[in-house]
Amino acid sequence: IWTNFSYKGDDNPSHNHAGHLSGVIYYKNHEHPTVFDDWGWSYEGFDGTMAMWPSDVMHHVNPQTADKERITLAFNIMHEDALKK
């Protein structure tokens, strides 16, 4: 798990994650969506909500336009069997 702090002009280019499930908890998001490239869909990310998806799904965040700090907590979940290899 890690914390992301973003400011006006910051973005997060298209990427995916290791593991089985990935997610984000939106602490202060200011209606700045996570875009799921593979699905052609985005989630606005209301404050206090969480989104989860398969880790191999490509996603990104467009440059932030609000002049406010955006705070999210991201995480990856691995199945126990994968750790035994």
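Tutor: Buried means under 20% relative accessible area, exposed means over 50%, and partly exposed covers the range in between (1.4 Å probe, protein chains only). This is a predicted model, in which local features need pLDDT of at least 70 and side-chain atom pairs count only at pLDDT 80 or more, while totals for chains, interfaces and linings use all residues. Residues are numbered from 1 along each chain as its sequence is written, and side-chain values use heavy atoms, with hydrogens and water left out.

Student: Is Tyr43 buried or exposed?

Tutor: Tyr43 has 18% relative accessibility. The cut-off for buried is under 20%. Tyr43 therefore counts as buried.

Student: How is the aromatic pair of Trp41 and Tyr43 classed?

Tutor: Rings of Phe, Tyr and Trp (its six-membered ring) pair if their centres lie within 6.5 Å; planes under 30 degrees apart are stacked, over 60 edge-to-face, and the rest tilted. Trp41 and Tyr43 lie 6.5 Å apart, centre to centre. Their planes are 20 degrees apart, and the pair is stacked.

Student: How many aromatic pairs does the structure hold?

Tutor: Ring pairs link Tyr26, Phe36, Trp39, Trp41, Tyr43, Phe46 and Trp53 into a cluster. Trp41, in that cluster, is partly exposed because its relative accessibility is 46%. The number of aromatic pairs in the structure is six.

Student: How much space lies in the largest pocket?

Tutor: On a 1 Å grid over the protein atoms alone, a pocket is an open set of points where a 1.4 Å probe fits, with protein on both sides within 12 Å along at least five of seven lines; lining residues have an atom within 4 Å of a point. Points are joined across faces, edges and corners, and the volume is the space filled by probe spheres set on them. Asn4, Asn12, Val61, Arg70 and Thr72 lie nearest the pocket's centre, among 22 lining residues. The space is about 270 Å³.

Student: Which strand gives the largest share of the lining of the largest pocket?

Tutor: Strands (E, at least two residues) are DSSP runs, numbered from the N terminus. Strands 1, 2, 3, 7 and 8 each supply at least two lining residues. The largest share is four residues, and its source is strand 8.

Student: How many residues of the lining of the largest pocket are polar?

Tutor: Ala, Val, Leu, Ile, Met, Phe, Trp, Tyr, Cys and Pro count as nonpolar, Asp, Glu, Lys and Arg as charged, and the others, Gly among them, as polar. Six lining residues are nonpolar and three are charged; the polar ones number 13.

Student: Over how many bridges do strand 3 and strand 8 pair?

Tutor: Strands pair if DSSP finds at least two bridges between them. Strand 1 pairs with strand 8 in the antiparallel sense over five bridges, with Ser6 partnered by Arg70. In strand 8, Leu73 stands opposite Ile25. Strand 3 and strand 8 also pair antiparallel, and their bridges number seven.

Student: What is the relative accessibility of Thr72?

Tutor: Thr72 lies in strand 8. Contact means heavy atoms within 4.5 Å; beyond four places in sequence, Thr72 contacts residues including Trp2, Asn4, Ile25 and Tyr27. Thr72 counts as buried because its relative accessibility is 2%.

Student: How far apart in space are Glu44 and His32, C-alpha to C-alpha?

Tutor: Glu44 sits in the loop between strand 5 and strand 6. His32 is one of the residues Glu44 touches, with those up to four places away in sequence not counted. The two are 12 residues apart in sequence, and their C-alpha distance is 5.8 Å.
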